[in-house]
Amino acid sequence: MKVTLVNPPHTAIGSRIPDDHLPPLGLLSIGGPLIDAGFAVDLVDADLEDLPIHRIVEEAARRRPDVVMLGHSGSSSAHATVVAICDALKQRLPGVTIVYGGVHPTYHWDEILAVSKSIDIIVRGEGEQTVVDLMQALQASGDLRSVRGIAFRDPQDSGKAIETPAAIMIRNLDDYRVGWELIDHQRYTYWGGKRAVVVQFSRGCPYLCNYCGQRGYWTQWRHRDPVKLASEIARLYREHGVELINFADELPTGSRKMWRAFLEALIAEDVPVLLVGSTRAGDIVRDADILHLYRQAGVIRFLLGIEAYSESTLTQIRKGASTSEDAQAIQLMRQHGILSMATYVVGFEEERDADLWRSLRHLLRYDPDQIQLLYVTPHRWTPFYKTAEHRQVIQVDTRRWDYKHQVLATRHMPPWRLFLWFKSIELVLQLRPKALARLLFHRDPVQRQSMRWYSEMGRRVWLHEVFEFFFASPRVRNGPTLKAFLGPTLEAREYALEKATSSRRTVPLMADRIE
């Protein structure tokens, strides 16, 4: 049987404005196991080429697949586009089986199957083993109820949407390889034209931030073999010229011991790659004595989720961090030649002008190299959603629920004023004298190029977002409550996988003991 993987085009500004594009790791991660299981697999990356729906259908039809599988890293905001693609595919290829996976369909499987008749099967949770089991069942015309981790309409029960038992969490992530052969590496770049890929060292996070839509999806923190990952990165550099590695992990540094082993293994490979990713400020402070290894291995930037200036807000969202730790982490990174990007969230219900003024002063004291502001955006399967169910929705186009558009009203501030604060904070942080001096005169040419690339990309995005706010992103004045618009909380479904038991482990599950 032949499988065509489709990466949908995404309407989020991050997908459309930059000249650079990263490969779809999620689809490549299921592509490798499918190829190894004997299935013919190819990829249509519509996000890379920004293909309209009719072109996506043409490209898929030309490949004559038995099964089309779709998914996107921007899962919730890409959902409406996925549904439109599936409808068009089913009309052109009525006999094809359409499979949809990712974070959003994992939790909304019953609603999707009830509304979107073009979608046949949903993969719930991580998919490497599930898609192989599913394809083998389809090829043998077997009973889909025997495949764990899926949902479908059961023909034996009048087409009722049913879910099978949750997939068992993958214990050894190195048992499944990424299908790098599905892409032309020359076409994927980041960081100003550097050939780039996305990888995962780990999955999950042991912290309990109540807004996070990823922790429950992965269920438990696990990591790859550090030496094997370093070897894979070195091979990607030597065979495909990959220069930059973007970590998709929520917390690659979760285990100091394993992260240090990875850094040392990559240093031993002696390949000039750059590493970017996200981590927690606390891990940077914890690793103050080994940050030289970060830089020696190629770490050029880490994103730090600062989120808020108020200790009470950090407690409310269960961040498990402190403001003093955040400031210390930024200074430690600068001392070791690592760029800091601080993400900061606005749009909390009781926010006032004074709060945003304090936020600006707070960020100026932190003095990050780069800043990324985001809007509060709720997901139904997170604990945060229940606390926001009563709030008014002002953006009813879910394609814009991408953290860069305000979707919920604030009690004391109209959207235009919050937007003015949002863009002003970005402008002040990036144009202050310290930031401009680093941009123009930083002694490290690699850092200087990195900051100039981000500054140029940010300028284009900033102008686009201002234009879009006033002319292309309509909001509603008397919108429904969040609960009325999306439905009740799905928090009971937060953990998507069945945890591995100790008797079946092949590698340590570091959620039990983060070193």
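Predicted model: local features only at pLDDT ≥ 70, side-chain atom pairs only at ≥ 80, totals over all residues.

Start by selecting strand S6 (residues 150-154) together with S7: four bridges join them, and the two run antiparallel. Strands here are DSSP E runs of at least two residues, helices are H or I runs of at least four, and both are numbered from the N terminus. Two strands pair if DSSP finds at least two bridges between them.

Residues are numbered from 1 along each chain as its sequence is written, and side-chain values use heavy atoms, with hydrogens and water left out.

Now widen the selection to the open sheet, seven strands in the order S2-S1-S3-S4-S5-S6-S7 with mixed pairing. Its edges are strand S2 (40-45) and strand S7 (160-163), each pairing on one side only. From one strand to the next, the twist averages 25°.

Which helix lies across strand S3 (67-70) and strand S4 (97-101)? Select helix H5 (residues 75-92), which runs at about 180° to S4. Angles run from 0 to 180 degrees between N-to-C directions, with axes fitted to C-alpha atoms, for helices over the stretch in contact; contact means heavy atoms within 4.5 Å.

Next, jump to S8 and S9, a hairpin with three residues between the strands; Trp191 in the turn has a positive phi of about 65°. Two bridges join S8 to strand S9 (residues 194-199), and they run antiparallel. S9 also pairs with strand S12 (residues 244-247), in the parallel sense over four bridges. Look for Val199 opposite Phe247 in S12.

Last stop: helix H16 (residues 353-366) and helix H18 (residues 415-431), packed at an angle of about 15° with axes 11 Å apart. The two are therefore roughly parallel (angles under 35 degrees count as such; over 145 is roughly antiparallel, 65 to 115 roughly perpendicular and the rest oblique). For the contact itself, pick residues including Trp357 in H16 and Trp421 in H18. The contact residues divide into ten nonpolar, no polar and two charged (Ala, Val, Leu, Ile, Met, Phe, Trp, Tyr, Cys and Pro count as nonpolar, Asp, Glu, Lys and Arg as charged, and the others, Gly among them, as polar).
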